Amino acid sequence: MSDLKYERSGHVPVIDMNKSDEELSVEFYEALTTVGFACICNSGIWELAQDYGRKTHSFFHLPLEEKKKYSKPNSYDCHYGWLANGRVQLEETAPAPDYKEVFHTNRITEGDRTLAPPIIDSEESRKLRAKFEEQASRILYLLGVAMKLEDPYQMVKAHSFTEKKNPSNQSVVWYPKVDKSLLVPGQLRCGEHSDFGSLTLLYSDAPGLQVMSRELGEYVDAGFIEGGIYVNIGDMLQMWSGDVLIATKHRVLLPEAKFLDKERVSVAFFGHADDQALLETLDGSNKYPPITARQYLRRRFSATYGTEQ
């Protein structure tokens with residue numbers, strides 16, 4: 001999509017990726033040190049994600065026993081597989097798990113039909129991932145420029161997205177029609193959380209995302225622009241930056257009653273640093289003790305998915 005003229009999508013600043021690197025570095029730094037979110041347009045992601053997301057619906061409508069063949073193993077080292085409705089609870093104090101199904105893929109699953117079916121691991125999915133990786137790397141570079149790092153590519157070099165040693169995920173998140181008889185009071189499609197890793201890029205086919213406003217101290221609608229891709233900072237990058245970059249809590253609400261029979265799909269790229277990357281505060285403040293990305297993520301995955309240590 002081109003020529004978007006919005007300055008904000010709801011609470012979230014909109015950034016046009018056609019601008020110069022100099023302009024973009026300033027805009028991303030402003031957005032991701034204050035709101036913690038941005039909505040990018042002209043990224044080349046939207047159309048690819050829309051096409052891929054629509055095609056994945058058929059997997060989630062398969063019989064339960066068929067989907068179980070691809071269940072995510074309960075191990076940190078397996079960043080792939082299907083998670084049934086009720087298996088993920090991102091908000092630890094929520095009254096019930098998230099009302100959704102998820103299929104995570106990564107470099108390990110490519111071409112392995114025992115780990116991911118063709119509708120999930122497809123030519124479309126690989127083209128989409130390549131574009132996600134391209135834009136994630138570009139944003140990390142722009143942040144390096146804005147933060148005046150000695151090497152502006154420092155964060156980029158710690159994210160070998162195209163290598164199997166990198167645990168980044170591309171994930172299809174499917175929100176089924178809502179059966180009110182199965183709901184628990186207070187249950188959400190996706191509970192309050194901040195993301196684990198470095199940088200998340202998110203496509204969604206419908207509104208529903210809310211972000212926590214630091215100014216208001218309450219949740220506000222992120223807004224929705226056709227053609228826009230959400231970008232947000234994860235906890236690991238906030239820690240690594242010495243709390244300069246902000247990992248903002250967010251959630252996905254259940255739809256209005258008239259839309260309960262509508263499915264919803266999102267495709268997310270969860271960018272993580274390489275397992276062995278040593279994370280020392282980028283500003284040299286030593287605000288947090290050094291830790292490897294693998295050590296950091298193991299803690300978070302364990303708490304959320306019950307993953308073995």
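Reply: The lining of the second largest cavity divides into no nonpolar, 5 polar and 4 charged residues, where Ala, Val, Leu, Ile, Met, Phe, Trp, Tyr, Cys and Pro count as nonpolar, Asp, Glu, Lys and Arg as charged, and the others, Gly among them, as polar. The model is predicted, with local features needing pLDDT of at least 70 and side-chain atom pairs pLDDT 80 or more, while totals for chains, interfaces and linings use all residues. Residues are numbered from 1 along each chain as its sequence is written, and side-chain values use heavy atoms, leaving out hydrogens and water.

A cavity here is a set of points, on a 1 Å grid over the protein atoms alone, where a 1.4 Å probe fits but cannot get out, and lining residues have an atom within 4 Å of a point. Grid points are joined across faces, edges and corners, and a volume is the space filled by probe spheres set on them.

The second largest cavity, with a volume of about 80 Å³, is lined by Thr105, Asn106, Thr109, Glu110, Asp121, Ser125, Arg126, Arg129 and Gln170. Helix 4 (residues 123–146) gives the most to this lining, with 3 residues; helices (H or I, at least four residues) and strands (E, at least two) are DSSP runs numbered from the N terminus.

This cavity is one of 3 of 30 Å³ or more, and the largest cavity holds about 460 Å³. The lining of the largest cavity comprises 31 residues, with Leu90, His193, Asp195, Ala268 and Phe270 nearest its centre, and it divides into 17 nonpolar, 11 polar and 3 charged. Strand 13 gives the most to the lining of the largest cavity, with 5 residues.

Technical notes: 1 Å grid on protein atoms, 1.4 Å probe; cavity = no way out; pocket = protein on both sides within 12 Å on 5 of 7 lines; lining within 4 Å.
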